[in-house]
Amino acid sequence: MLLTISLWLLVSILILWALLDPVSRVSRALYEIIIPIIMVKTVDLKNQFGEWAVVTGSTDGIGRAYAKELATRGINLVLISRNIDRLEKTREEIIEINSTIQVKIIAADFSKGRSVINEIEKQLKDIPVGILVNNVGKQYTYPMYVGEVPEDEMWDIINVNVGAATSMTRMVISGMQKRRMGAIVNVSSGSEMQPLPLMTIYAATKVYLKSFSDALRIEYKKFGITVQHLTPLFVNTKMNAFSSRLQVSSVFVPDATTYAKNAVATLGKIDTSAGYWAHGIQTFFTLIPPKWIRTRVGEMMNQTFRNDYLKQKNI
Ligand SMILES: NC(=O)c1ccc[n+]([C@@H]2O[C@H](COP(=O)([O-])OP(=O)(O)OC[C@H]3O[C@@H](n4cnc5c(N)ncnc54)[C@H](OP(=O)(O)O)[C@@H]3O)[C@@H](O)[C@H]2O)c1
C-alpha cells in the first residue's frame with residue numbers, strides 16, 4: 001500500500017515537473033498579452049523617463065516608425081543611422097509631425113564597431129538621454145547555412161546586433177542612473193524563443209539581447225531604470241525582402257507604423273513583450289509545443305523563405 005502511494009506520488013511529481021516549464025512559458029505569454037490591455041492609461045513617457053530619446057537605425061522600418069511615435073508624445077529625438085540624406089529626410093518628416101520638438105541626427109555605421117561609438121559619445125555628451133531605443137539590427141540577406149554566410153556579413157550582424165546595443169547602453173546608463181530615471185528598449189526578435197536553423201547567427205544575437213536585458217533590468221531597477229525587451233515577429237519592412245510573402249502587410253505581419261504604435265504603448269507597462277497584440281497571440285501559441293518542435297518548424301519555415309529567395313533570384 002505504502003509502496004503504491006509512493007509510486008503514485010513520484011509519478012505525479014514527475015508529471016508536474018514536466019509540465020512546469022511549458023505552463024510557466026505559456027502563462028507568461030498570456031500575461032504579456034493581458035497587461036497592456038488592462039493598463040489602459042497612457043504612460044507619460046516624458047515625465048516618467050525624460051525629455052530626450054535616442055533611436056538607433058531610425059531612417060526606415062520599425063526604428064523610423066518608433067521615432068515618429070515618440071515625436072507625437074513630445075519627446076526630443078536623436079536619430080542614428082548610416083545615411084545622412086535619409087537622416088535629413090526622416091528629420092523633416094518628424095518635424096512635420098511635431099514642430100515643437102528638437103531632432104538631432106548622427107550619421108554612424110554600427111558595423112564599424114568601437115570607432116563610431118566614441119564619435120557618438122562625443123555628440124551625445126550634453127544630451128540627457130531618457131529613452132534609448134536599441135533598434136538597429138541586421139539580418140541575413142536570405143536564410144543560409146552558417147558556412148555560406150559571407151564573413152563581412154557575419155561580423156556586421158555581430159557588431160550591429162550585439163555591439164551597438166551593448167555599447168550604446170553602457171554609454172547612456174550612468175547618466176540615467178544619476179537622474180534616477182530612464183528606459184532602455186532593446187528590440188530583439190521572436191527568433192530568440194528557440195534556435196533558428198538557417199538564421200542561426202541572427203537568432204543567437206537576439207538571445208544575447210534577451211540575456212542582456214534580463215540581467216540589466218535587475219542591476220538597474222533600484223536606480224529607477226526600466227529595461228524593456230521587445231520580441232517582434234514578422235513586420236513588413238525591407239529587412240524581410242528575401243521573401244515576397246513577408247512584403248504584404250496583414251494582421252500578423254503588420255507594417256512598421258502599426259507595430260511601433262503598439263510597441264510604444266507598452267513602454268512603462270511591461271518589461272518583456274512582443275510589442276503588438278497579434279504577435280502576442282502568435283507567441284502564446286508558438287510557445288505551447290516543446291523547443292525541439294519549434295526549432296524544426298523554424299527550420300522548415302526558413303527553408304521555404306530560402307527557396308522563395310533563390311527562385312526570386314533565379315538561382
Ligand atoms: N522586420 C521584422 O520582421 C523584424 C522582426 C523581428 C525583429 N526585428 C528587429 O527590429 C529591428 C528593426 O528592424 P527593421 O525591420 O525595422 O529593419 P530595417 O527596415 O532594415 O531598418 C533598419 C534601420 O537601421 C539602419 N541601419 C542598418 N544598418 C545600420 C548600421 N550598420 N549602422 C547604422 N544604422 C543602420 C537603416 O538605415 P540606413 O540604411 O539608412 O543606415 C534603417 O534605418 C532590428 O533589430 C530587427 O532585428 C525585425
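Reader: In which loop is Arg-180 found?

Author: This is a predicted model, in which local features need pLDDT of at least 70 and side-chain atom pairs count only at pLDDT 80 or more, while totals for chains, interfaces and linings use all residues. Residues are numbered from 1 along each chain as its sequence is written. Helices (H or I, at least four residues) and strands (E, at least two) are DSSP runs, numbered from the N terminus. With those names, Arg-180 is found in the loop between α6 and β5 (182-187).

Reader: Is Arg-180 buried or exposed?

Author: A residue is buried if 20 or more other C-beta atoms, placed from the backbone, lie within 10 Å of its own, exposed if 12 or fewer, and partly exposed in between. Arg-180 has 10 C-beta neighbours inside 10 Å, and therefore it counts as exposed.

Reader: What is the phi of Arg-180?

Author: Most residues other than glycine have a negative phi. Arg-180 is not a glycine, yet its phi is positive, at about 60 degrees.

Reader: What is the phi of Leu-198, and is this residue buried or exposed?

Author: Leu-198 is placed in the loop between β5 and α7 (200-220). Its phi is positive although the residue is other than glycine, with a value near 75 degrees. Because 21 other C-beta atoms lie within 10 Å, Leu-198 is buried.

Reader: How many helices and strands does the chain have, and what share of its residues is buried?

Author: The chain has 10 helices and 7 strands. Of its 315 residues, the share that counts as buried is 40%.

Reader: What radius of gyration does the chain have, and how does it stand against that of a compact globule?

Author: The radius of gyration is taken over C-alpha atoms, and the globule rule is 2.2 Å times the number of residues to the power 0.38. Along its principal axes, the C-alpha trace spans about 75 × 55 × 35 Å. For 315 residues a compact globule would have a radius near 20 Å, so the chain agrees with it at 21 Å.

Reader: Which residues of the largest nonpolar core touch the most other members?

Author: A nonpolar core is a set of buried Ala, Val, Leu, Ile, Met, Phe, Trp, Tyr and Cys residues joined through C-beta atoms within 7 Å. The largest such core has 66 residues, and those touching the most other members are Val-54, Tyr-66 and Leu-77.

Reader: Which helix gives the most to this core?

Author: The helix in question covers residues 151-179 and gives 8 residues to the core. Its name is α6.

Reader: Why do the buried residues of helix α5 lie on the same side of it?

Author: In α5 (residues 114-124) the buried residues are Val-116, Ile-120 and Leu-124. On the other side of α5, Arg-114, Ser-115, Asn-118 and Lys-122 are exposed. What covers the buried residues includes β1 (52-56), β2 (76-81), β3 (103-107), β4 (129-134) and α6.

Reader: Against which elements do the buried residues of α8 pack?

Author: The buried residues of α8 (residues 256-266) include Tyr-259, Asn-262 and Val-264. They pack against α1 (2-38), α3, β6 (225-230), β7 (272-273) and α9 (277-286).

Reader: Which residues are in contact with Thr-90?

Author: Thr-90 lies in helix α4 (residues 84-97). It has 24 other C-beta atoms within 10 Å and is therefore buried. Leaving aside its neighbours within four places in sequence, the residues in contact with Thr-90 are Ser-58, Thr-59, Arg-64 and Leu-79.

Technical notes: Two residues are in contact if their C-beta atoms, placed from the backbone, lie within 7 Å.
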